[in-house]
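Please keep the sequence and the model in view while reading.

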Amino acid sequence: MKAIIAEKPSVAREIAHILNANNKRHGYFEGSGYCVTWALGHLVSLGMPEDYGIRGFDKASLPIFPNPFILTPRKQKPTNSKNYQADPSALKQLKIIKNVFGQCTSIIAATDAGREGELIFRYIYDHLKCKKPFQRLWISSLTEKAILEGFKNLKPGSDFDGLYEAAKARSEADWLVGINATQALSIAANNDVYSLGRVQSPTLALICKRFQENKEFKQKNYWQIRLQHRKDYLNFRSLSNQQWEDKKQAEQILKAIEREGRATVEEVSINTIKEQSPLLFDLTELQKEANRKLGLSADEVLQTAQSLYEKKFITYPRTGSKYIPEDLWSEIPELVRILNQSDLFKPAIATLKFGNFNKRIVNDLKVTDHHGLLPTTKIPSALTAIEKAIYHMIVYRLLESLSEHCSKQNTHITIKVHHYDFSITGSKILHKGWRVINGLLSDEKNPIQDSNRNNNINYSNNNEIQEPQLIELPEFKKGDELKISSTELKEKLTRPPKLYTEADLLSAMENADRQIVDKEQQKALANIGIGTPATRASIIETLITRNYITRKSKALIPTDKGEKVYDLIKDQKIANVQMTAEWEMALHQIENKELDSKQFITDIKKYTAEITQELLSLNIPQENIPELKCPKCLQQNLTIKEKIVKCPDEQCQWILFRVICGIQLSINHITSLITTGKTPLIKNMKSKNGKKFDAFIVFNDDLTTSFEFENRS
């Protein structure tokens with residue numbers, strides 16, 4: 001009997017069905033020589049400080065360096081409890097897995113084929129002190145064909161020791177930095193609770209730095225001159241290369257140009273360029289594209305892609321590659337023929353040349369754990385609006401990648417009036433190639449009808465750049481004279497640095513080397529990001545959950561708390577993007593067995609000791625918190641924290657949550673409520689249906705709270 005452990009019940013059910021292990025037992029399936037069970041995500045994790053006998057936030061205990069780390073069943077903090085406790089569902093499933101392992105001779109790890117999936121299995125295996133031999137099911141799709149093929153080609157578990165060591169080192173590094181930095185900053189802030197992390201802190205720093213640059217940007221007016229021309233029955237415009245900050249000077253120059261009435265062609269540049277078809281999506285590129293076009297968050301895209309994968313409609317989504325291996329290329333024509341059965345994709349597929357597909361996506365050397373995102377041969381019927389949008393993006397990107405290049409002719413003309421240069425730019429598509437398919441996708445209606453998603457913030461990093469006019473221009477040659485039909489003085493504004501959207505932030509995280517000033521260091525860290533494609537979405541969500549950033553339309557904006565944390569850590573090592581990128585490089589080397597994980601953890605411990613000392617030495621001014629008696633017991637002074645106001649007496653247990661309908665109660669609000677039973681008028685609170693309202697918050701007789709509105713109760 002062989003044990004198989006999948007990451008989720010739905011995947012276990014699929015594997016059991018394909019292997020004819022159809023006898024349902026409590027927590028597993030049995031049959032045909034297999035017992036198929038499942039994890040529930042991370043059932044086992046690294047122990048908390050209290051598991052090492054360290055309770056509370058104690059300065060004398062820092063830094064905390066567990067040796068060895070303890071593995072414990074997943075924990076949760078029950079309502080009205082200060083302490084974490086083992087999750088009952090995790091304990092229950094671990095007991096089932098132990099029973100399944102116990103009755104089998106060997107194990108097949110069928111958790112997701114990636115770093116986190118490997119960690120989930122190995123932590124369970126180690127926690128249960130299992131010594132039985134195991135193999136690895138390594139697949140990129142959950143179709144029946146892929147699963148059967150995977151079971152025919154099971155790999156030795158030892159082949160993935162490097163992957164496990166990298167995952168384990170990442171987990172322990174995050175614990176060391178996160179636990180120690182969080183406790184150190186919280187102690188320095190007089191036990192106000194802050195959260196810091198190895199990746200989340202430099203990511204927060206990116207967002208806050210850009211936000212402050214945007215806010216501090218001083219806009220300036222400038223003027224450019226635009227001319228209208230006509231030649232060979234074609235109308236077109238030119239724009240001055242020069243910009244003037246003095247309007248009067250620009251007006252004088254405009255008058256001189258009007259008197260001249262003619263311009264002379266100085267330079268003619270015509271270039272034919274080939275725009276290569278795009279590569280397949282990896283997860284980060286899919287998240288960026290869906291954020292730009294559909295307004296979806298990175299986490300929404302990841303969850304949707306995971307759902308499509310588990311329904312067997314796409315291949316494994318947590319991929320960092322945009323290529324496929326050579327041995328998969330032979331399956332692409334059949335995949336396209338199956339997609340052609342859908343009326344929706346027929347117009348796009350009709351533009352492809354069967355037998356002569358573009359092979360640009362094939363590169364064995366650039367396929368990492370998994371190949372680029374592909375649809376499978378299973379065509380979906382019923383999908384949610386978001387699933388449909390993401391699925392279509394993946395299909396169309398495959399069809400684009402198989403198409404011919406797009407050929408364009410770009411024209412740039414320089415003309416001179418007096419000694420002032422003007423530019424005429426034009427672009428003409430000679431051969432549409434892959435852009436035919438891009439146009440077909442653009443013609444599709446956006447199935448996501450949330451208007452809030454589609455509000456763009458109109459910022460630009462630079463002064464306005466004149467885009468090539470998508471019109472046909474007449475022929476020019478040097479020395480030609482052009483008549484000026486009309487003139488116009490255009491007033492413009494310099495633009496602040498663009499606020500980060502999730503697409504922009506994912507790019508910044510993916511290309512962390514570009515944030516580094518030193519060119520040699522930048523070169524060494526080329527293409528090394530912070531976080532991984534699989535974790536970047538969760539980092540953004542963590543920052544939102546911890547009230548460090550918020551979404552405003554498509555932009556990511558730091559909260560007051562986020563800016564406060566950034567101001568505290570921006571000059572500290574923990575906000576260093578370069579160092580975090582170097583760690584990602586080290587984890588990659590550990591995975592490839594080029595670096596000893598013990599050396600990496602030794603370096604992390606040294607770094608942790610340094611940042612702990614840095615953070616403990618910070619002088620953090622405290623919020624001026626008044627002494628207020630508990631309104632219930634009338635004995636204890638209230639404890640006022642960021643999210644709650646509560647009585648410290650465990651018998652009394654009176655509590656007030658500070659965030660009500662999206663508004664955090666200020667100290668003045670709290671003082672007024674406790675002393676008079678009523679807050680001042682609070683504006684712009686938001687109801688469950690999203691409508692804003694103004695109200696007072698008042699005490700009821702039982703010291704719960706309710707709303708009181710102006711001129712009515």
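## The loop between β5 and β6

Pro68 is found in the loop between β5 and β6. Helices (H or I, at least four residues) and strands (E, at least two) are DSSP runs, numbered from the N terminus. The bond joining Asn67 to Pro68 is a cis peptide bond, with omega about 0°. Pro63 also lies in this loop, which runs between β5 (44-46) and β6 (71-73). The peptide bond from Leu62 to Pro63 is likewise cis, its omega being near -5°. Most residues other than glycine have a negative phi, and most peptide bonds are trans.

## Basis of the model

The model is predicted: local features need pLDDT of at least 70, side-chain atom pairs count only at pLDDT 80 or more, and totals for chains, interfaces and linings use all residues. Residues are numbered from 1 along each chain as its sequence is written, and side-chain values use heavy atoms, with hydrogens and water left out.

## Residues with positive phi

Lys129, although not a glycine, has a positive phi of about 55°. Its place is the loop between α3 (115-127) and β10 (134-136). Lys129 is exposed, with a relative accessible area of 67%; here buried means under 20% relative accessible area, exposed over 50%, and partly exposed in between (1.4 Å probe, protein chains only).

His418 is not a glycine either, yet has a positive phi of about 55°. This residue is found in the loop between β15 (406-417) and β16 (420-431). His418 counts as partly exposed because its relative accessibility is 41%.

Helix α5 (residues 161-188) has 28 residues, and at 1.5 Å a residue it should span 40 Å. The expected span is 1.5 Å times one less than the number of residues. The end C-alpha atoms of α5 are 40 Å apart, which agrees. Of the 28 residues of α5, 24 are buried, so this helix is largely enclosed by the rest of the structure. Just after α5, Asn190 takes a positive phi of about 60°.

Helix α18 (residues 560-569) is mostly covered, with 7 of its 10 residues buried. The buried residues are Lys561, Gly562, Glu563, Val565, Tyr566, Leu568 and Ile569. What covers them includes α5, α6 (200-216), β19 (555-558) and α20 (597-616), where contact means heavy atoms within 4.5 Å.

## Cysteines

A search of the whole structure finds 0 disulfides, a disulfide being a pair of cysteine sulfur atoms within 2.5 Å. Cys104 is in no disulfide, and the nearest cysteine sulfur, that of Cys35, is 4.1 Å away. Cys104 counts as buried because its relative accessibility is 3%. Cys661, at 28% relative accessibility, counts as partly exposed.

## The cavity

The structure holds 1 cavity of 30 Å³ or more. On a 1 Å grid over the protein atoms alone, a cavity is a set of points where a 1.4 Å probe fits but cannot get out, and lining residues have an atom within 4 Å of a point. Grid points are joined across faces, edges and corners, and a volume is the space filled by probe spheres set on the points. The largest cavity has a volume of about 60 Å³.

The lining of the largest cavity includes Val11, Ile15, Asp112, Leu137 and Tyr309. Its residues divide into 8 nonpolar, 1 polar and 1 charged. Ala, Val, Leu, Ile, Met, Phe, Trp, Tyr, Cys and Pro count as nonpolar, Asp, Glu, Lys and Arg as charged, and the others, Gly among them, as polar.

How values were computed: 1 Å grid on protein atoms, 1.4 Å probe; cavity = no way out; pocket = protein on both sides within 12 Å on 5 of 7 lines; lining within 4 Å.
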